[in-house]
Amino acid sequence: MNSRNLKDDVFDLSLDRSLKNWVDRKNPPADGRTKLLKAAAQQNRSFSRVKLPKINIEWFLNLNEIRCEYQIRPIDNYLFEHMDFLKTTMAFL
Amino acid sequence: MLTDRELVLQLQKGDLNALGDLFDRHQRLVFRTAVGITGDEQVASDLLQDVFLRMHRFAHHIDPDRPLEPWLYRTTANLTYTWMKRHNRWLRPLEDVAEWLAGSKKQSPVYLTEADEEWKDIKKAIASLSLQQRVVVVLYYINDLSLQEISEILDVPVGTIKSRLFYGRQALKKYLETGNKGQVEANYEFT
């Protein structure tokens with residue numbers, strides 16, 4: 001990414017130099033790395049605090065008795081068939 | 001010394017030291033770009049942190065086999081865009097008030113050197129550009145990128161980049177050569 005451009009115009013060259021001199025006078029903070037690593041470690045901790053729900057709640061519509069039923073089961077026992085069933089039911093409704 | 005590719009791979013495994021090493025290697029590129037666009041050292045420092053925190057957060061989306069610089073430029077430009085859009089409305093008037101309040105002090109030769117005056121003009125000239133022109137001007141002049149590279153980074157056609165650079169350069173020339181200080185004409189976007 002260091003390809004030079006043709007800046008042959010006098011104004012272009014002057015602008016090029018002035019802009020570079022201007023930003024060269026500014027320096028990033030000396031403690032940038034320390035601050036970054038601290039913030040990144042904090043980011044890691046906040047990611048690990050986000051937990052997936054451990055239960056799955058399913059609603060069933062009992063058409064014969066005209067009432068809703070629901071079932072709560074641990075996420076480990078979650079089966080794709082349940083999702084398909086729900087999708088089908090929702091589509092039907 | 002490890003390559004960017006090796007450091008990105010380590011970062012993807014969660015190695016924070018790799019992030020620190022990438023920061024040491026590329027912080028000037030990000031900082032210079034952010035200073036050029038915002039004109040504010042403090043804001044550029046905050047954006048510098050944000051860019052590398054984003055790198056940490058989205059490390060798995062970075063392709064280690066591709067050069068890292070375009071990703072850094074793109075992320076810096078995007079975060080700077082967001083920042084400018086959020087803050088531009090109130091920042092400029094506040095700056096004007098601060099400048100007016102400090103007016104008498106700034107006239108004094110003790111506080112004002114020739115160089116300071118020049119940098120102030122440069123900063124004001126850059127600030128007079130539209131945000132889109134400013135980003136292109138900074139990438140072209142400060143970072144020495146070609147029109148093609150800028151086009152790929154910003155995901156904008158080369159013709160549009162050329163146009164933004166042309167009108168941006170014209171506006172800067174007018175501002176700096178005619179001494180049009182404080183009375184900036186509106187910059188119209190042609191593309």
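In chain B of this predicted model, residues 24 or more positions apart account for 68% of the contacts with a separation of 6 or more. Chain B has 191 residues, of which 36% count as buried. Chain B also meets chain A, where 25 residues of chain A are in contact with 32 residues of chain B.

**Architecture of chain B**
- Chain B contains nine helices and zero strands.
- Read from the N terminus, the order of its elements is α-α-α-α-α-α-α-α-α.

**Packing of helices 2 and 3 in chain B**
- Two packed helices are described by the angle between their axes and the distance between the axes.
- The axes of helix 2 (residues 16-38) and helix 3 (residues 41-57) of chain B come within 8 Å, crossing at roughly 135°.
- Helix 2 of chain B and helix 3 of chain B are therefore oblique to each other.
- Their crossing is right-handed.
- Helix 2 of chain B contributes residues including L19(B), F23(B), V30(B) and F31(B) to the contact, while helix 3 of chain B contributes residues including E41(B), L47(B), F52(B) and H56(B).
- By class, this contact between helix 2 and helix 3 of chain B comprises 14 nonpolar, three polar and one charged residues.

**The side of chain A that touches chain B**
- The 25 residues of chain A are in contact with 32 residues of chain B.
- Helix 1 (10-24) and helix 2 (32-49) of chain A each supply at least two residues of this side.
- Helix 2 of chain A gives the most, with nine residues.
- The residues on this side of chain A divide into 13 nonpolar, six polar and six charged.

Technical notes
Residues are numbered from 1 along each chain as its sequence is written. Chains are lettered from A and ligands numbered from 1 in the order in which they are written. This is a predicted model: local features need pLDDT of at least 70, side-chain atom pairs count only at pLDDT 80 or more; totals for chains, interfaces and linings use all residues. Two residues are in contact if their C-beta atoms, placed from the backbone, lie within 7 Å. Helices (H or I, at least four residues) and strands (E, at least two) are DSSP runs, numbered from the N terminus. Ala, Val, Leu, Ile, Met, Phe, Trp, Tyr, Cys and Pro count as nonpolar, Asp, Glu, Lys and Arg as charged, and the others, Gly among them, as polar. A residue is buried if 20 or more other C-beta atoms lie within 10 Å of its own, exposed if 12 or fewer, and partly exposed in between; C-beta atoms are placed from the backbone. Axes are lines fitted to C-alpha atoms, for helices over the stretch in contact, and angles run from 0 to 180 degrees between N-to-C directions. Angles under 35 degrees count as roughly parallel, over 145 as roughly antiparallel, 65 to 115 as roughly perpendicular and the rest as oblique. A crossing is left-handed if the near helix is turned anticlockwise from the far one by less than a right angle, and right-handed if clockwise.
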